[in-house]
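Subject: Structure handover

Hi,

Here is the structure for your set. Please look it over alongside my notes below.

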Amino acid sequence: MTSSQAIERKLKREIAARKEAERLLEAKSLELYYANQKLEVALIQVEKRSQASFKKLHFQQKIERILIYFGKTLLRSNLDDVLLNGLVKHIEDISSNVSCSIELQDQLLPTLSTASITTSRHFECEDVATITIPIQVEQNRVGKLMATVANNEYNNSFVRSQLSLICELLTGSISRQLINLRLVESKERAEASERSTREFLAMINHELRTPLNGLLGSAELLADTGLTEIQKDLHRNLNHSGQLLKAIINDLLDFSKIEAGMLELIETTFDWNTLESTLRSIFEHQAAEKRLSFSINADSLSGRLIQGDLERLTQIFVNLIGNAIKFTDQGRVELNAIVRDSDVEFLVSDTGIGISSEAQRSLFQPFIQVDRSSTRNYEGTGLGLAICKRLVELMDGQIALDSRLGEGTTFRVILPLMFIQHNADVIQQANPKEPASDLSALNVLVVDDIKMNQIVITKMLSKLGIKADLAVNGAQALEWAAKRQYDIIFMDCRMPVMDGFEATRRLRESNYTNPIIALTAGTTLEERQTCYAVGMDDILSKPYTAQELTLTLTKWASSESLQVR
């Protein structure tokens, strides 16, 4: 082979190799081109996904800001038209491609005058998605939130999940507001019910005690007239029945006041001897009729002045001693008092029928009696011990009993009584004495619209040598007071034309400074406070006795505010 042939062959091989290299290069270039194309598509997709994620993140952040802002606002104030409009506006501010409206039930909340807040933004494009989310309160649908998203800007499920948080915020706010409204309505109903109860108790108190005042007052006056033996027996029956009726009325009214939360203590300063004397006057005769031994052993309290509610303390012992005498046919009934540091222990013991262990468990419940049969031997309402327990607890005391069937019963009452140091003013208040001057010198005006009450009090006053003037209402009392200067005015509280409260106000405004004494059947603290608030100086509660009337006259006739002529 010649050298030229060798060169030619080598050249052919190089040409072939170059062509193969060019072919491989072209193939690799084409492959690289396709790879670049795929990469560009992938980059576009990644960019689109990044933009979508950014938009979602932006949407989510805006929703979070809305929740924080309106969450704080709705905790401080109620949902109203302004807040609802602001909420819709904030949602639409997220994007120009989002519109929102909220519809609620008519009259759902008193703070909302419009039932719906609609958007003014509308889209003309075809690529529009509408999302509706119900607003539910207490498992009831009360409205809806509607959102429209244009140009497929957001994923619908994502938008729904975010706007559902707004609906939850609205649901919570509406729920709280509805609960508050119900609480206010309940409070108003409770207050209205309490007012009705107070008004009813005040009315029934007046309507029951007023005729009782006439009955017991007439019976007391009748005792001072010349009576035959038969008439004296009838009078004793009348007086006993009246006192029993008074006790029943007191128990029923007091229990009603306890249940209504209206019973309050009215504290005064009194001498223990006064309370003991009252108990003896009530029960010594009753015990004697049954041939029972009755005693009060309270030497440690004799002559001591006590700060407390005398009427309620008396009521406790009247119920306990009355029950002891009622359920004892032979033997004794006694009250013992023992001072122990700041407390006083009272023991009311009897040798009566006793109480079984089973009956003791429910003894202090209202309307409960040991014997409930129609043939029972002992009458009563079954309220006495229930009221005793409530009164003792109201005084921060304790009450308990120890009893055995056929042997007797002992009630133990522990009360934290406050003792007062003796001084002239306190002694005068607790034990008013007869004034140096004759009570008959007093000029007295009685203001009462009930004829029977007029007769009772004028007869009681006439026994003291007082001839009282009479007025039948507050307006007539003002006329009498303008014509004559009275030393003391007894003023009934409930009267037609003008009541005693208004009459007292006007008398004080016209510079009448002498004592005005309320004649009232009201026994609640509120009624008593009203008496003092209008300018009355004292209260004489119906039914009153001649002794109580005399003590009231004595107290105010000897006061510095009055100079007896």
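Start with the nonpolar patch: α3 (156-222) and α4 (229-259) each supply at least two of its residues. Helices here are DSSP runs of H or I, at least four residues, and strands are runs of E, at least two, both numbered from the N terminus.

Before the rest, the ground rules. This is a predicted model, where local features need pLDDT of at least 70 and side-chain atom pairs count only at pLDDT 80 or more, while totals for chains, interfaces and linings use all residues. Residues are numbered from 1 along each chain as its sequence is written, and side-chain values use heavy atoms, with hydrogens and water left out.

Back to the patch. Leu 215, Leu 222, Leu 238 and Leu 245 make it, with an area of about 280 Å². Patch residues have over 30% relative accessible area and no salt bridge; nonpolar side chains (Val, Leu, Ile, Met, Phe, Trp, Tyr) are joined within 5 Å, like charges within 9 Å. A salt bridge is a side-chain nitrogen of Lys or Arg within 4 Å of a carboxyl oxygen of Asp or Glu. Areas are Shrake-Rupley with a 1.4 Å probe, and for residues only the protein chains shown count as cover. Leu 222 lies in α3. Its relative accessible area is 34%, so Leu 222 is partly exposed (buried is under 20%, exposed over 50%, partly exposed in between).

Next, strand β15 (residues 488-492). Five of its five residues are buried. Ile 488, Phe 490 and Asp 492 are on one side, Ile 489 and Met 491 on the other. β13 (residues 444-447) runs parallel to β15, joined by four bridges. Strands pair if DSSP finds at least two bridges between them. Val 447 stands opposite Met 491. Four bridges also join β15 to β16 (residues 516-520), again parallel. There, Phe 490 has Ile 517 as its bridge partner.

β15, helix α12 (residues 500-509) and β16 form a right-handed β-α-β unit (clockwise from the first strand over the helix to the second, with the strands pointing away from the viewer).

Most residues other than glycine have a negative phi, and most peptide bonds are trans. Gln 139 has a phi near 65°. Gln 139 sits in the loop between β3 (128-137) and β4 (140-150), and is exposed at 79% relative accessibility. Asn 511 has a phi of about 70°. Its loop is between α12 and β16, and Asn 511 is exposed at 64%. The Lys 542 to Pro 543 peptide bond is cis, with omega near -5°. Pro 543 lies in the loop between β17 (538-541) and α14 (546-557).

Best wishes

Note on methods. Buried < 20%, exposed > 50% of the residue type's maximum accessible area, 1.4 Å probe, protein only.
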